[in-house]
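Please read the points alongside the coordinates.

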Amino acid sequence: MKQMPAEYYQLLEELQTADFVIVDLTLYLDTHPDDSNAIQQYNQFVKQRKQIKKAFEERFGMLTNFGYSYSRYPYEWPEAPWPWQV
């Protein structure tokens, strides 16, 4: 498997961090739906995650498939390493 640059791992870690916070806030909001501060934080992290995902995919290609990410030409999903392989 080819060695990926440090930015690849940095962006993946940022995505994992944002995903963790989003899941945690989702669970909190399930029991505290009127907490406007938590809703604001949730929306902030969703926006941040979208920006990180866009930056990752522009630099390194598709992060997900089945219509959740755009592909360059030629179709690039079969190319490794996939994020779970690093």
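Beyond its neighbours within four places in sequence, Glu57 contacts Met62, Leu63, Thr64, Ser69 and Arg72. The model is a predicted one. Glu57 belongs to helix H2 and pairs with Lys53 in a salt bridge, at 3.5 Å from N to O.

**Glu57 and Lys53**

- Glu57 has a relative accessible area of 13%, and therefore counts as buried, the limit being under 20%.
- Lys53 is likewise placed in helix H2, which covers residues 36-60.
- The relative accessibility of Lys53 is 14%, so this residue is also classed as buried.
- When residues up to four places away in sequence are not counted, Lys53 touches Leu15, Leu63, Thr64, Tyr68 and Ser69.
- Within helix H2, Glu57 and Lys53 are 4 residues apart, about one turn of the helix.

**Other salt bridges**

- In total, the structure contains 4 salt bridges.
- One of them joins Arg49 and Asp19, whose closest N and O atoms are 2.3 Å apart.
- Arg49 is partly exposed at a relative accessible area of 23%, and Asp19 is partly exposed at 28% relative accessibility.
- Another salt bridge is formed by Lys54 and Glu58, with the closest N and O atoms 3.8 Å apart.
- Lys54 and Glu58 are both in helix H2, 4 residues apart, or about one turn of the helix.
- Lys54 is exposed, with a relative accessible area of 53%, and Glu58 is exposed, with a value of 55%.

**Aromatic pairs**

- The whole structure contains 4 aromatic pairs.
- Among them, Tyr8 and Tyr9 are arranged edge-to-face, with 5.4 Å from centre to centre and 75° between the planes.
- Tyr8 is buried at 2% relative accessibility, whereas Tyr9 is partly exposed, its relative accessible area being 34%.
- The ring centres of Tyr8 and Phe56 lie 5.1 Å apart with the planes at 50°, so this pair is tilted.
- Tyr8 in helix H1 (residues 6-31) and Phe56 in helix H2 are 48 residues apart, and their pair links distant parts of the chain.
- Both Tyr8 and Phe56 are buried.
- One aromatic cluster is made up of Tyr8, Tyr9, Phe56 and Phe60.

Technical notes:
Residues numbered from 1 in each chain as written. Predicted model: local features only at pLDDT ≥ 70, side-chain atom pairs only at ≥ 80, totals over all residues. Heavy atoms only, no water. Helix = DSSP H or I, 4+ residues; strand = E, 2+ residues; numbered from the N terminus. Buried < 20%, exposed > 50% of the residue type's maximum accessible area, 1.4 Å probe, protein only. Contact = heavy atoms within 4.5 Å. Phe/Tyr/Trp six-rings, centres within 6.5 Å; stacked < 30°, edge-to-face > 60°. Salt bridge = Lys/Arg side-chain N within 4 Å of Asp/Glu carboxyl O.
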